[in-house]
Amino acid sequence: MNVLITGGAGFIGSHTADALLACGHRVRILDLLDPQIHGHSAKFPSYLDPRIECIHGDVRSIKDVGRALEDMDAVCHFASLTGVGQSMYDVRNYVDTNCNGTAVLIETIVKTHKNIKRLVLSSSRAVYGEGTHYCSEHGLQHPQPRTREKMEAGIFSVLCPHCEQPMLSRPTAEARPLYPMTVYAETKKHQEDYCRFAAKTFGLPVTILRYFNVYGQRQSLTNPYTGVVSIFFSRFAAGQPVVLYEKGRSEGDFVHVSDVAQANVLALETDTKPGSCFNIGFGKPCAIRDVAEALASACGGKAILEDRGEFRVGDIRSCFADISMASSVLGYEPQIDLAHGMKQFANWARGESSSDLYQKTIDELSRYGLFGKAKAA
Ligand SMILES: NC(=O)c1ccc[n+]([C@@H]2O[C@H](COP(=O)([O-])OP(=O)(O)OC[C@H]3O[C@@H](n4cnc5c(N)ncnc54)[C@H](O)[C@@H]3O)[C@@H](O)[C@H]2O)c1
Ligand SMILES: [Zn+2]
C-alpha cells in the first residue's frame, strides 16, 4: 500500500512509518513541523527513514492535503495538537488544528480522493473522561469529572454518584458513554464524529483507535505540555525532583509506542466495518508513582519524588483499557511491558538534549486556575 501519515514526523507517526516500511509498504508524510514539538529549525527530524517521502505542509490546507493524497491507498491521520491542559486556554488553536484539520482531510477524501481504501484515526482515551468504575452497592458506573471542592479537601478517589463511596477502577470498554472533560478531549471526539458520519453516509472505511498513555523513544523531550514519561525524564536530567499530583496514585494505562505502531499497521491491513473503534493500551492500570520509579530504575538512579498535595484540574484519576476487541478483531497483542519499555526509552533519552520547562507549565496552569492544592495536605 501507499500510505499517507499526517503528523508523520511526530512521535507515533514516525514509529508507524518504520513499522509500515518493515512490512513493505510505501510511506509519505505530511507535517507542519510544529515548533513546540520540533523546535524552530523547520527541518524534518533525522530519525525519519530516508525512504519516507516528506511533504512540509498543513493538514488544514485543502491544497496541501490534496497534493499529499495523490496516488495514496490509505491514510493515518495523526496530525493534532496534544497538550490537554494547554487546550483549555489555547482553545482556537486546538479546535482549528484538530477539528478543522480533520474536516479538511475528510472533505478532500469524500470529494476528490474516493479511492482511499482505509483511514486510521488516532483518537484518545481522553474521550471517555474518567474511566469505568465499580461500586459494590450500585455496580458499574461511568462517573462524571471529580469536583475541585473534593480535590481541595484531599479526596481524590472517584466516588459513586449514588452513595458517594470510593469506587474501584474497572477496564474501560469502547461501547460506554463518552464524557470528554477538556477541550483536547472534545476535539478528539469531534474528529471521531466526523469520521463516523463519513463512514455511515459514504461508507468511508475508517478505523478509529483510542490510544491510552503512549510512551517511548522520540516523544518530545522539549514539549512540557504532554507525555508524562518525557516530562519526568526532563526533571531527572535537570537533577530536579519529580512532583507527583494526587499523591502519585492516579493511574494510567502505559503502552509502548512500538505496540501502538503495530496496532496502526493491523488497523490499516484489516478489513473492519467502516467506523469501527478499538482501544489501544497495554490493558493494565499503572500508578504514576510506579511509572516514575520504573523510569528512575531504568536510568540507573533513584527517583526523588515530592508530594506537595497538588493536583491539576481536569486530570483523570484512573482509566485503563479493555483491549479484548482490538485483540479479537485486529489480532492486537501488546508485547512490551513497563520495565522493558522504560529501558528502551532511557537508552534513547540519555543521548538526547532535554529541557525542563516544568515550572513554566505550572505557572501557566496556575494563571488559568487549572492548578490546585489540597488543604488537608
Ligand atoms: N502520545 C499519546 O500518548 C497519545 C495518546 C492518545 C492519542 N494520541 C494522538 O496520537 C496522535 C499523534 O500524537 P503524538 O504523540 O505522535 O504527537 P506529536 O506531537 O509527536 O506528533 C504530532 C505531529 O503533528 C504535526 N502537526 C501539528 N499540527 C499540524 C498541522 N496543522 N498540519 C500537519 N502536521 C501537523 C506536528 O508537527 C507533529 O509532528 C495525535 O492525534 C494525538 O492526539 C497520542
Ligand atoms: Zn454506590
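Author: Helix H8 (residues 228-237) is mostly covered, with eight of its 10 residues buried. Helices (H or I, at least four residues) and strands (E, at least two) are DSSP runs, numbered from the N terminus. A residue is buried if 20 or more other C-beta atoms, placed from the backbone, lie within 10 Å of its own. This is a predicted model, in which local features need pLDDT of at least 70 and side-chain atom pairs count only at pLDDT 80 or more, while totals for chains, interfaces and linings use all residues. Residues are numbered from 1 along each chain as its sequence is written, and chains are lettered from A and ligands numbered from 1 in the order in which they are written.

The buried residues of H8 are Val229, Ser230, Ile231, Phe232, Phe233, Ser234, Arg235 and Phe236. Their cover includes strand S12 (242-244), helix H10 (288-298), helix H12 (338-349), helix H13 (358-367) and S11; the contacts are between residues whose C-beta atoms, placed from the backbone, lie within 7 Å. After H8 comes Gly239, with a positive phi near 70 degrees.

In total, 29 residues surround ligand 1, and Val214 is one of the closest. Here a residue is near a molecule if its C-beta atom, placed from the backbone, lies within 6 Å of it.

Key:
Buried ≥ 20, exposed ≤ 12 C-beta atoms within 10 Å, placed from the backbone. Contact = placed C-beta atoms within 7 Å.
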